[in-house]
Amino acid sequence: MTDDHVPVSAEASGTWTLGDLPVRRIGFGAMRLPGRIAFDNTSVADRTRSVRVLRRAVELGVNHIDTAAFYFSSLRSANELINAALAPYPDDLVIVTKVGPRRDRMGAWTTWARPEELRGDVEENLRQLGRDHVDVVNFRMNERTSADIEEYVGALAELRDAGLVRHVGVSDVDTELLARAQKVTPVVCVQNRFGLGTGRPGDADLLRSCAGQGIAFVPFFAIAGSGGHAGATGTAESPAVERIAAAHGASPAQIRLAWTLHQGPNVLAIPGTGDPEHLAQNVAAGAIRLSGEELRALAG
């Protein structure tokens, strides 16, 4: 149960070392900063509010921000908002981006990047962020690119050796793809869709594999679940989630985040929001401790 008298801080969620970079297990996802509706160019966020959310996240102890150059609306870019809000960057701030998916200037999805195009995509992230390197770059797979995973992670390894990337991660992989990537270069994190009630076949094996190798497992859509990019609005909660939330004086979203963190010490959370109030609630979820009985009820 959270305590109203205890200041909200990401420190309560614990820490994990991402490669050689210590991060608090509650981080922040930047996808919803450019607009209320992700990947909708007509949905434009208030710039002042987005900057305030980012600065407040750091004030609350968040030191792990997940972003991408393809997070933008017609007037806002997540990376450039991060730059405006937080540069010069705190020494302990870890910024993670991803490459692979691409959108054109009108916001439409285009052809996935080829291995030789990753350098340009990483350099675009650096330009927008105003940095000379990215702490972690994840390559996000799809059905076509998974056949060439070795070429993609190899290209990122070359960028690491050139000093543009500090660590390499992968996204939307299974245990077999992770093993193939690991044969080419060390992988510090796996970023997959994962959440309470939205598990996929092989999730348990992948989590165990990551834990055994000291690899961070970083779920996306941990709150949104089946809502995906549209968010959790309208998603019906199970009676167990509602009951446990009431017992902790918490929201269902906070219980979902707490459950996520309880899946292993290497599991990180990157909930995204453009709302300062929701941000504080997300960070506070890192202090919720679920009992064994509650975890069994949620699993049922």
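**Reading a pocket and a helix pair**

Mentor: Helix H3 gives the lining of the second largest pocket its largest share, five residues; helices (H or I, at least four residues) and strands (E, at least two) are DSSP runs numbered from the N terminus. The model is predicted, with local features needing pLDDT of at least 70 and side-chain atom pairs 80 or more, while totals for chains, interfaces and linings use all residues. Residues are numbered from 1 along each chain as its sequence is written, and side-chain values use heavy atoms, without hydrogens and water.

Trainee: How much space lies in the second largest pocket?

Mentor: Rolling a probe the size of a water molecule over the atoms shows where empty space is left. Here that space is about 320 Å³, and among the 18 lining residues Ala69, Phe72, Arg103, Glu124 and Gln128 are the closest to the centre. On a 1 Å grid over the protein atoms alone, a pocket is an open set of points for a 1.4 Å probe, with protein on both sides within 12 Å along at least five of seven lines, and lining residues have an atom within 4 Å of a point. The volume is the space filled by probe spheres set on the points, which are joined across faces, edges and corners.

Trainee: At what angle do the axes of H5 and H6 cross?

Mentor: Two packed helices are described by the angle and the distance between their axes. The axes of H5 (residues 175–184) and H6 (residues 203–213) cross at roughly 30° and come within 9 Å; H5 and H6 are therefore roughly parallel, a term for angles under 35 degrees. Axes are lines fitted to C-alpha atoms over the stretch in contact, with angles from 0 to 180 degrees between N-to-C directions. Leu178 of H5 and Leu206 of H6 are among the residues making the contact (heavy atoms within 4.5 Å).

How values were computed: Angles under 35 degrees count as roughly parallel, over 145 as roughly antiparallel, 65 to 115 as roughly perpendicular and the rest as oblique.
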